[in-house]
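Here is a short briefing to read alongside the structure. Take a look at the chain first, then come back for the notes.

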Amino acid sequence: LMTQSISDVNASMQESEVLTSAFESGDPTVSLAEVMITAQKASLQFTGMTEVRNKLLNAYQEVMNMPV
């Protein structure tokens, strides 16, 4: 599940980079609003994935620290 999430975030970030490059090179089909929205979506997905990872690590550490 985490691997799929990482792949989705990576794809979103790559799409954002492609749109940004197209806009910077003067492609008339790409608007600034589209570039900004895509960049924000990628950023939010990355932040969300990072938070989930942190929660999973905390849960793992708590389980490992439990007395047997």
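Predicted model: local features only at pLDDT ≥ 70, side-chain atom pairs only at ≥ 80, totals over all residues.

Helix H2 covers residues 32-64, and its buried residues pack against helix H1 (2-24). The two helices run roughly antiparallel to each other, because their axes cross at roughly 155 degrees and angles over 145 count as such.

**Helix H2**
- H2 has 33 residues and reaches 48 Å from its first C-alpha to its last, close to the 48 Å expected at 1.5 Å a residue.
- Val35, Thr38, Ala42 and Met49 are the buried residues of H2.

**How H1 and H2 meet**
- Two packed helices are described by the angle between their axes and the distance between the axes.
- Here the axes of H1 and H2 come within 9 Å, and the crossing is left-handed.
- On the H1 side, the residues that meet H2 include Met2, Ile6, Val9, Met13, Leu19 and Phe23.
- Facing them, H2 contributes residues including Leu32, Val35, Ala39, Phe46, Met49 and Leu56.
- By type, the residues of this contact divide into 13 nonpolar, 6 polar and 5 charged.

**A closer look at Thr38**
- Thr38 lies in H2 and counts as buried because its relative accessible area is 11%, where buried means under 20%.
- Leaving aside neighbours within four places in sequence, Thr38 is in contact with Glu15, Ser16 and Leu19.

Methods:
Residues numbered from 1 in each chain as written. Heavy atoms only, no water. Helix = DSSP H or I, 4+ residues; strand = E, 2+ residues; numbered from the N terminus. Expected span 1.5 Å × (residues − 1). Buried < 20%, exposed > 50% of the residue type's maximum accessible area, 1.4 Å probe, protein only. Contact = heavy atoms within 4.5 Å. Axes fitted to C-alpha atoms, helices over the stretch in contact; angles between N-to-C directions. Parallel < 35°, antiparallel > 145°, perpendicular 65-115°, else oblique. Left-handed = near helix turned anticlockwise from the far one by under 90°. Nonpolar A, V, L, I, M, F, W, Y, C, P; charged D, E, K, R; others polar.
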